[in-house]
Amino acid sequence: MTVNIGVIGTGLIGQDHIRRLNMMLAGSAVVAVSDADNERAREVADRVGARVLPTGLDLINDPDVDAVVVASWGPTHEEFVLAAIESGKSVFCEKPLATTQSACQRIVSAEQEHGKRLVQVGFMRRYDAAYLALKEATDSGEIGAPLLMHCAHRIPQVADNFTSEMAINDAAIHEFDMVRWIFGSEVVGVRVFAPRHNRNSRPELLDPLFIILEMDSGALVDIEVSANIRYGYDIRGEIVGELGTASLENSSALEIRSAFQARTQVPGDWQARFSQAYDSELRDWISGIETGVSPKGPSSWDGYAATCIADAALEALQSGNSVAVNLESRPTFYDS
Ligand code: NAD
Ligand code: ISE
């Protein structure tokens with residue numbers, strides 16, 4: 001069986017996912033694409049032998065499209081995910097699920113009304129081998145109960161349209177999801193500090209940011225987001241438990257030790273660092289569609305929870321105060 005996929009958004013990650021779905025994964029083929037930039041959509045479609053549809057809504061409602069990937073800009077996600085649910089089609093939505101807590105709530109409500117889970121969110125770290133090992137080490141109890149986690153989300157260089165808010169709702173949103181998943185508990189409060197400014201960044205871009213999350217267990221998580229740190233794309237995490245620590249390494253990088261020195265490579269960007277995770281998340285999504293089983297990956301509830309934390313962090317950035325995260329209680333619909 002081949003699952004015919006329509007991809008909305010043929011930018012950086014849209015093109016990456018199209019390549020995966022066509023070339024790397026068995027059982028899927030991209031048959032249609034759509035982008036607000038029609039020329040870009042046409043160029044990509046010609047390259048992969050797909051049709052171009054005028055809008056994302058046309059693509060979702062096209063009878064030849066079995067399932068949908070949403071890889072357009074965040075503010076467009078709500079409309080497309082709601083339309084996919086209405087049409088009863090599985091939808092893989094890149095993060096963020098939607099850009100506000102209330103938009104995510106509308107998606108969660110629509111999915112429950114539909115009665116079957118159809119949405120998987122692109123929080124690919126849950127599929128990354130190094131993060132999976134970190135979770136396994138934490139769950140095994142070897143380091144005791146987790147007390148603290150130190151995280152770094154370091155980006156070598158961002159575009160001029162990258163804002164301080166995006167350091168929270170575009171970058172750190174990955175950590176917001178990851179800590180809920182690894183700790184198996186919710187974030188209840190958040191505080192954001194803007195330390196000494198990195199001179200590589202525009203004066204108005206608060207860089208770095210230092211975010212502190214309070215978990216409902218009382219554990220604390222700190223997240224450094226550096227937007228222009230130049231040396232590489234470095235995603236780090238160390239959990240401090242009652243009995244030991246577990247830390248994340250940049251997975252497959254080779255380390256060479258010679259002449260009393262050790263050297264290794266740091267990835268240049270998210271494509272290089274997380275390519276295995278992107279493959280695995282899409283493979284999992286496709287196999288769920290093939291077998292008719294609801295997606296087991298990050299759900300729209302997880303998308304909602306991460307956006308609630310992001311909304312609180314944005315408020316904390318403005319006010320300088322600690323802000324409570326107000327999550328509704330999770331419906332049983334999202335239990336498994
Ligand atoms: P991009 O700017 O390269 O591409 C986005 C594309 O969406 C553009 O081609 C744009 O024309 C198109 N678009 C905008 N509005 C549209 C609309 N209404 N209909 C159809 N197309 C529309 O951005 P990107 O880096 O590819 O990011 C896209 C999404 O993927 C964002 O939500 C981003 O947060 C997410 N992303 C996730 C990861 C990850 O690690 N999971 C990495 C990069 C990007
Ligand atoms: C980008 O959109 C991603 O999602 C990457 O994973 C993240 O590291 C980067 O900061 C974002 O801009």
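Q: Which residues surround ligand 2?
A: This model is predicted. A residue belongs on the list if one of its heavy atoms lies within 4 Å of the ligand. For ligand 2, the surrounding residues are Lys95, Met124, His153, Ile155, Asp170, Ala171, His174, Tyr233 and Trp270.

Q: What distance separates an oxygen atom of ligand 2 from an N or O atom in the side chain of Tyr233?
A: A polar contact needs N or O atoms within 3.5 Å. For the side chain of Tyr233, the distance is 2.5 Å.

Q: Is Ser28 buried or exposed?
A: Ser28 lies in strand β2, residues 28-34. Beyond its sequence neighbours within four places, Ser28 is in contact with residues including Thr2, Val3 and Ile286. Its relative accessible area is 7%, and the cut-off is under 20%, so Ser28 counts as buried.

Q: Which residue's backbone oxygen does the side chain of Ser28 reach?
A: Leu21 and Asn22 are among the contacts of Ser28. The side chain of Ser28 comes to 2.7 Å from a backbone oxygen. That oxygen belongs to Leu21.

Q: Which residue caps the N-terminal end of α9?
A: Helix α9 covers residues 300-319. A side-chain oxygen lies 3.2 Å from the backbone nitrogen of Trp301. The residue that supplies this oxygen is Ser299.

Technical notes
Residues numbered from 1 in each chain as written. Chains lettered and ligands numbered in written order. Predicted model: local features only at pLDDT ≥ 70, side-chain atom pairs only at ≥ 80, totals over all residues. Heavy atoms only, no water. Helix = DSSP H or I, 4+ residues; strand = E, 2+ residues; numbered from the N terminus. Expected span 1.5 Å × (residues − 1). Polar contact = N/O pair within 3.5 Å; in protein donor to acceptor, adjacent residues only side chain to side chain. Buried < 20%, exposed > 50% of the residue type's maximum accessible area, 1.4 Å probe, protein only. Contact = heavy atoms within 4.5 Å.
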